[in-house]
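User: Please go through this model with me, one question at a time.

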Amino acid sequence: MSYFQTKRAMTTHLLNNLPTGLTSDDVAFENHKFVPANKSLWLAAYFIPVSTEAMGQSASSGDENRGIFQISVFVALNNNDFDKAQLDAIDELISAFKYNTQMVYNTQTVQALESTVNTGSESEAWYQRDISINYLTFSNR
């Protein structure tokens, strides 16, 4: 399993399926400087590996890897449209990462298992909701 290839499969899929009106300049990635000034809607993406389980005892057995790809969706706090643009974007993203969606980068295939959305919260000048996409990969040792 390659963490890099798993993350790349998911980020590439995200960038190819951005909500209407957003570009790659509207997405913040981990360890990359991002300034959301003058944006009305923007995303932040986080790769969160959770577990690796052996699928056998031998060196030739594979591993099952699970984790979360989190996409935080931000809109300006106290906007006149409330959270309409945010929820529209969330609907589009959940559709792009629906159950059994397969994402591939080089030799790594990643499968989306489910997507959940949390309640909104205030984060400085932004109203934020997070989409947690549970993923599964299988890999050789």
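Analyst: The model is predicted. A residue counts as buried when its relative accessible area is under 20%, and as exposed when that area is over 50%.

User: Is Q128 buried or exposed?
Analyst: Q128 belongs to strand β7, which covers residues 126-140. The relative accessible area of Q128 is 14%. The cut-off for the buried class is under 20%. Because 14% falls in that class, Q128 is buried.

User: Which residue does the side chain of Q128 join in a polar contact of 2.8 Å?
Analyst: A polar contact requires N or O atoms within 3.5 Å. The side chain of Q128 has such a contact, at 2.8 Å, and the partner is the side chain of D130.

User: Which residues does Q128 touch, leaving out those up to four places away in sequence?
Analyst: Contact is taken as heavy atoms within 4.5 Å. With residues up to four places away left out, Q128 touches S72, V73, F74, Q86, T119, G120, S121 and S123.

User: In which strand of the protein chain is confidence lowest?
Analyst: The chain averages a pLDDT of 92, and 94% of the residues score at least 70. Confidence is highest in strand β1 (residues 27-29), at 98. The lowest mean, 91, belongs to residues 41-54, strand β2.

Conventions:
Residues are numbered from 1 along each chain as its sequence is written. This is a predicted model: local features need pLDDT of at least 70, side-chain atom pairs count only at pLDDT 80 or more; totals for chains, interfaces and linings use all residues. Side-chain values use heavy atoms; hydrogens and water are left out. Helices (H or I, at least four residues) and strands (E, at least two) are DSSP runs, numbered from the N terminus. Buried means under 20% relative accessible area, exposed over 50%, partly exposed in between (1.4 Å probe, protein chains only). A polar contact is a pair of N or O atoms within 3.5 Å; within protein, one must be able to donate a hydrogen and the other to accept it, and residues adjacent in sequence count only if both atoms are side-chain atoms. pLDDT is the predictor's confidence in each residue, from 0 to 100.
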